[in-house]
Amino acid sequence: PANAAFTVVVIARASQAAFAYAHLPSSTGYTPASAGSFNPGGAIRVYRHGVGEYRVVFTGLASTVTSTYQGHAQVNAVGTGKAHCTAEDWGTAASPDVQIWVACYAPNGAPLDSKFTALFQLHHDQVAYAYASHPTAASYSPMPERAWNPTRGPVTITRQAVGDYTVTWSGVDGNIVDGGTVQVTSSAMYNVQCKATSLFSDGVKVHCFAPNGAPTDAEFTVLLGS
């Protein structure tokens, strides 16, 4: 155990988001705990496909997703087992449902079953988000269908050093940055962790690191919200 700074976000049951608390890490095909789960489109199911490998299905939610706006995913491990979880991918898979693929790991990087929370966020005026999919690029605009700036301004991701990035939403409302929260999840099939290290006037700094603590380049998702 170690003292650390952290962020917390509380999501109300509303049409702009779906979320799940996957509370049975060794089970498959179950309905997650209702006290921490919500889907405006219908039911929720969690499937386990192997050690630490999961899929969360939000039934009927695909009607809220378009080719222009594909939404955003955040995942966090739950419990005292020292696990961390990543959002491997998300989408509709040409079905009426939205799915999030989740992978959980032990501190040494080995796959590990874990409880977790999964959030699928739709775009609206109180959030900004991005999917950083080019870990070694010096500076780029993330894929527009997985990025959102409520000002409709550009989103830019800049690699400062190995594992260190800045994400900027041009002209974003200060209330979202200074009066809101930030969440970061490593993405794709990496057993690494990413976290927000600080906020600035129109964005956030992100640091990614390997199981041994060494800085490492990685894909990640980042969400600002108020």
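Buried means under 20% relative accessible area, exposed over 50% and partly exposed in between, using a 1.4 Å probe and protein chains only. Strands are DSSP runs of E with at least two residues, numbered from the N terminus. This is a predicted model, in which local features need pLDDT of at least 70, side-chain atom pairs count only at pLDDT 80 or more, and totals for chains, interfaces and linings use all residues. Residues are numbered from 1 along each chain as its sequence is written, and side-chain values use heavy atoms, with hydrogens and water left out.

**View 1. Strand β15 is mostly covered.** Start with residues 220–225, where 6 of 6 residues are buried. Phe 220, Val 222 and Leu 224 point one way, while Thr 221, Leu 223 and Gly 225 point the other way. In a regular strand, side chains alternate between the two faces of the sheet.

**View 2. Strand β15 pairs with β8 and with β12.** Two strands pair if DSSP finds at least two bridges between them. Strand β8 (residues 127–132) joins β15 through 6 bridges in the antiparallel sense, and Tyr 131 stands opposite Thr 221. Strand β12 also runs antiparallel to β15, again with 6 bridges; here Thr 185 has Thr 221 as its bridge partner.

**View 3. Five strands form an open sheet.** Follow the order β9-β10-β11-β14-β13, with antiparallel pairing. Because β9 (139–140) and β13 (193–200) each have a single partner strand, one side of each is left without a neighbour in the sheet. Within the sheet, 5 bridges link β11 (residues 164–169) to β14 (residues 203–209), and Asp 164 is partnered with His 207.

**View 4. The largest pocket has a volume of about 1500 Å³.** A pocket is an open set of points on a 1 Å grid over the protein atoms alone, where a 1.4 Å probe fits, with protein on both sides within 12 Å along at least five of seven lines; lining residues have an atom within 4 Å of a point. Volume here is the space filled by probe spheres set on the points, which are joined across faces, edges and corners. Of the 45 lining residues, Phe 6, Thr 7, Asn 76, Ala 77 and Gln 183 lie nearest the centre. Strand β13 gives the most to this lining, with 7 residues.

**View 5. The second largest pocket has a volume of about 230 Å³.** Look for Val 10, Ile 11, Gln 121, His 124 and Val 127, which lie nearest its centre among 15 lining residues.

How values were computed: Helices (H or I, at least four residues) and strands (E, at least two) are DSSP runs, numbered from the N terminus.
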